[in-house]
Amino acid sequence: MKNNLLFDFTVDKTTKTVFVNREFAAGLPLVWDAFTKQEILDQWWAPKPWLAKTKIMNFEVGGRRFYAMVSPEGQEHWSIQKYTSISPITNFKMWNAFADKDENPELPGSDWDFTFSEQNGTTKVSITIYNESLARMEKMIEMGFQGGFTMGLQQLDELLLTLKNK
């Protein structure tokens with residue numbers, strides 16, 4: 001495994017934006033699938049020991065993913081993602097919000113922009129997360145987003161190794 005892979009996590013409170021740049025030692029099609037296919041997403045999206053459980057996922061413009069992060073004790077934290085733009089293999093955008101178990105969003109939400117590129121077998125994912133309010137961004141950070149998302153991306157790194165070898 002390459003140890004010199006890029007990882008950068010920046011919080012900009014003045015623009016209410018989080019920037020994440022992460023490289024993976026895997027080809028672009030596999031990394032794209034890891035972010036856009038339910039059966040792969042559910043294996044890494046939640047930080048261990050939590051699990052991601054997708055109830056609905058329809059990856060198309062106007063489609064959505066409704067999922068929960070489930071604690072070892074069974075506590076569920078639901079979120080809804082609505083896909084607003086998809087350029088296959090290179091970019092997708094979605095609106096994300098916390099929600100209740102009945103799919104009612106807790107406003108405000110955030111706009112996520114994922115950009116994918118590959119060079120020499122290494123895929124870079126650049127994620128920009130714009131929050132509708134500073135309070136929402138601060139709540140997200142307070143809930144452990146940086147540590148949790150970092151852990152999830154590390155889990156993806158490990159999962160990609162096993163998926164590449166299949």
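**Aromatic contacts**

Tyr83 is buried (under 20% relative accessible area, with exposed over 50% and partly exposed in between; 1.4 Å probe, protein chains only), with a relative accessible area of 3%. The model is predicted: local features need pLDDT of at least 70 and side-chain atom pairs pLDDT 80 or more, while totals for chains, interfaces and linings use all residues. Residues are numbered from 1 along each chain as its sequence is written, and side-chain values use heavy atoms, without hydrogens and water.

Pair count
- The structure contains 21 aromatic pairs, where rings of Phe, Tyr and Trp (its six-membered ring) pair if their centres lie within 6.5 Å; planes under 30 degrees apart are stacked, over 60 edge-to-face and the rest tilted.

Phe9 and Phe145
- The ring centres of Phe9 and Phe145 are 5.9 Å apart with planes at 50°, so this pair is tilted.
- Phe9 belongs to strand 1 (residues 7-12) and Phe145 to helix 4 (residues 145-164), so the pair ties together parts 136 residues apart in sequence.
- Helices (H or I, at least four residues) and strands (E, at least two) are DSSP runs, numbered from the N terminus.
- Phe9 is buried at 12% relative accessibility, and Phe145 is buried at 13%.

Phe59 and Tyr83
- Phe59 and Tyr83 form an edge-to-face pair, 4.8 Å centre to centre with 75° between the planes.
- Phe59 is in the loop between strand 3 (51-57) and strand 4 (64-70), and Tyr83 is in strand 5 (residues 76-87), 24 residues apart.
- Phe59 is partly exposed, at 23% relative accessible area.
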